[in-house]
Each structure stands twice: as C-alpha cells, then as structure tokens.
Amino acid sequence: MHRFFVSKKNGDYFDLDDAVLKHIKVTRLEQEHFLCNFEKVFYECELVGKQAKILQKLTIDHEFKNEVILIAPVIKMSRYEWLLEKAVELGVTQIVPLDSRYTNGTLLKFDIPKKTNRHQEIIKNAAEQSFRNVIPTYSAPIKFKDIFTTYASKKIYLAYEGQTTAYEVNSLLTNSVLIVGPEGGFATDEIKFAQTFANVEIISLGRRILRAETACLYMLSQIKEH
C-alpha cells in the first residue's frame with residue numbers, strides 16, 4: 001500500500017494536504033486503501049472527501065532503537081541528493097552536512113542553503129518510499145571541531161583513508177555518529193584533533209579508496225543493533 005506522512009488528526013480522520021491529494025489522484029487510489037503515518041504510527045485508511053478515514057491502527061516499527069547520525073560530506077549536488085535518498089533508505093535518523101577543511105566552500109555557502117527545502121523533500125519522499133516510521137532530521141551544517149562536543153555522549157566513527165586495514169570494521173553500533181570527509185579527505189590536524197576524544201574511533205573501510213557517497217552508504221550498511 002502507498003504510504004503518506006500526515007500531521008493533522010481530527011477524531012477518526014486525518015487532514016490531507018494538496019500534495020498528498022494530488023498523489024492519490026494521479027496514482028488512482030481514490031477507491032484503494034493506503035497508509036498514513038501520524039506521530040511514528042501507521043494507520044490503514046481510505047479516502048473520504050479530502051480526508052483519510054482511519055480503518056485500523058497498525059503495529060509496525062521499522063526503526064533502529066537508537067539514533068544513527070550521518071555527518072555527510074558536501075559533494076556535487078546530484079551525488080549529494082542521491083546520498084540523502086539512500087541514507088534514508090538505510091535507516092539514518094539525522095543528516096548533518098559537514099563543514100571541514102577541504103569541504104567545497106561554494107557548495108557549502110550557496111547550494112546547501114539554497115536547496116534546503118528540496119533536500120528535506122527528498123528525505124521525506126525517501127522515508128515514505130522505504131516504509132520509515134519517521135522522517136529523518138536534516139540539520140544545518142556543522143563545523144568539524146564542533147562535532148565532538150555536540151555529540152560527546154555518542155560513539156563516533158570517523159572513516160579515514162589513511163587508517164590501516166587493521167582497523168577495518170564490519171559492524172557498527174547504533175547511538176552513534178558516522179563521519180565521512182569530502183572528496184579532499186581530512187587534514188592531518190583534523191585527524192589528530194579527533195583522536196583526542198575517547199569516544200572517537202578512526203576506522204578503515206578497506207584497502208580501496210571509496211567515493212564519499214559510497215563510504216557513507218557502506219558505513220550505514222554495517223550498522224548492527226543487538
């Protein structure tokens with residue numbers, strides 16, 4: 001069944017916005033049942049006028065129990081937007097663009113702010129498509145050095161191409177932050193700074209050099225929750 005996030009509930013009905021109503025019309029769902037997600041809970045519904053009538057509440061949970069935060073490299077926008085979509089499909093709970101030494105300043109200063117609404121829409125659409133209970137949070141860029149104080153209570157995994165394969169991982173925990181650098185990688189002093197924090201683990205992703213977006217998805221695919 002098709003899935004939609006909704007934000008307004010009136011008794012046994014959800015109010016549907018124009019975008020959802022248009023989608024229902026285009027996909028010819030007027031006579032079909034569909035799912036509405038309200039406050040992380042799914043409901044089976046049918047269309048009545050411009051509202052969704054609740055037929056039954058469902059017990060569905062496709063989320064990690066703890067957060068998985070991606071500090072995402074700012075790369076060429078077409079690849080960055082593809083990364084947003086796939087990161088949502090793999091279960092990320094928050095995406096934060098990275099402002100580091102070798103981040104492309106033009107993309108960070110102009111493209112990221114200009115396209116925030118578009119990026120949030122990509123994230124929402126990906127969450128609906130992949131049967132997520134929540135829409136991941138999309139935050140303002142964070143400076144590299146601020147990551148470690150902002151997320152001091154979480155495990156931080158930093159992927160570094162200069163790390164030896166002795167530190168290659170095939171399992172990462174939730175309640176964690178994943179950091180992947182831009183195409184220029186990380187500066188040596190950035191790595192040394194990160195190493196001063198006890199909750200940081202500098203990891204290898206193997207012998208090959210991965211593109212930034214590939215590295216993000218590889219790390220997300222290694223998340224295990226016990």
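How much area do domain 1 and domain 2 bury between them, and what percentage of it is on carbon and sulfur atoms? The two domains bury about 800 Å², 60% of it on carbon and sulfur atoms. Buried area here is the accessible area (1.4 Å probe) that two parts lose on being put together, summed over both.

This is a predicted model: local features need pLDDT of at least 70, side-chain atom pairs count only at pLDDT 80 or more, and totals for chains, interfaces and linings use all residues. Residues are numbered from 1 along each chain as its sequence is written, and side-chain values use heavy atoms, with hydrogens and water left out.

**Domains and their interface**

Domain 1 spans 3–57 and domain 2 spans 68–224. These bounds come from an automatic or database domain assignment. The domain centres, taken over C-alpha atoms, are 33 Å apart. Eight residues of domain 1 are in contact with nine residues of domain 2; contact means heavy atoms within 4.5 Å.

Zero salt bridges are found across this interface. A salt bridge is a side-chain nitrogen of Lys or Arg within 4 Å of a carboxyl oxygen of Asp or Glu. Five residue pairs are in polar contact between the domains, both residues at pLDDT 80 or more. A polar contact is a pair of N or O atoms within 3.5 Å; within protein, one must be able to donate a hydrogen and the other to accept it, and residues adjacent in sequence count only if both atoms are side-chain atoms.

On the side of domain 1 that touches domain 2, β1 (3–5) and β4 (34–38) each supply at least two residues. The largest share, three residues, comes from β1. Strands are DSSP runs (E, at least two residues) and helices likewise (H or I, at least four), numbered from the N terminus.

**Salt bridges**

The rule counts eleven salt bridges. Three of them are listed here.

| Pair | Closest N to O |
|---|---|
| E85 and K86 | 3.1 Å |
| K86 and E89 | 3.5 Å |

K86 and E89 both lie in helix α2 (residues 77–89). They are three residues apart, about one turn of the helix. E85 is partly exposed at 30% relative accessible area, and E89 is partly exposed at 34%. E213 counts as buried, at 6% relative accessibility. Buried means under 20% relative accessible area, exposed over 50%, and partly exposed in between (1.4 Å probe, protein chains only).

R211 and E213 also belong to a network of salt bridges that links them with R79 and E183.
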